[in-house]
Amino acid sequence: MASKSTENSGESQTPASLYRADHQKDVINRLRRIEGQVRGLVEMIQSGRPCEDVALQMSAARKAMDKAFYRMMACSVIEAVYDADNGPQAMAEVEKSARLLEKFG
């Protein structure tokens, strides 16, 4: 998916590692936006905004966090499948990721 060259090492990066790097940047950007939303929530509460307004923004922050989580988990599944040498190992890795989604999703 990504087409970056290796900048800091002489080693060639695998498609999975390039994909991970792109996803890490995306997840970090999402978390920074969420951080701003949470700071805004604190300000809303401190300024006495109505509970309904605060609840609406909390819901938005929670949904944004869920999206960041699912984005990270998608990367995990893709890495597991790419790194697996054979079908059974790949399936075990996908099942492991699915259990994480069930537990935390």
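Trainee: Why is arginine 30 called partly exposed?

Mentor: Arginine 30 has a relative accessibility of 22%. Buried means under 20% relative accessible area, exposed means over 50%, and partly exposed lies in between, with a 1.4 Å probe and protein chains only. At 22%, arginine 30 therefore counts as partly exposed. The model is a predicted one, in which local features need pLDDT of at least 70, side-chain atom pairs count only at pLDDT 80 or more, and totals for chains, interfaces and linings use all residues. Residues are numbered from 1 along each chain as its sequence is written, and side-chain values use heavy atoms, with hydrogens and water left out.

Trainee: What makes the contact of arginine 30 and aspartate 26 a salt bridge?

Mentor: The term requires a side-chain nitrogen of Lys or Arg within 4 Å of a carboxyl oxygen of Asp or Glu. Between arginine 30 and aspartate 26 the N to O distance is 2.9 Å, so the pair meets the rule. Both residues lie in helix α1 (residues 15-46), four residues apart, which separates them by about one helical turn. A helix here is a DSSP run of H or I with at least four residues, numbered from the N terminus.

Trainee: Which residue of helix α2 does aspartate 26 also meet, and why does that pair tie together parts 45 residues apart in sequence?

Mentor: Aspartate 26 forms a salt bridge with arginine 71 at 2.6 Å, N to O. Aspartate 26 belongs to helix α1 and arginine 71 to helix α2 (residues 51-83), so the pair joins parts that are 45 residues apart in sequence. Arginine 71, at 33% relative accessibility, is partly exposed.

Trainee: Why is the pair of phenylalanine 69 and tyrosine 70 called edge-to-face?

Mentor: The search of the whole structure finds one aromatic pair. Its rings, from phenylalanine 69 and tyrosine 70, lie 5.4 Å apart centre to centre, with 70 degrees between the planes. Rings of Phe, Tyr and Trp (its six-membered ring) pair if their centres lie within 6.5 Å; planes under 30 degrees apart count as stacked, over 60 as edge-to-face and the rest as tilted. The pair is therefore edge-to-face.

Notes
Helices (H or I, at least four residues) and strands (E, at least two) are DSSP runs, numbered from the N terminus.
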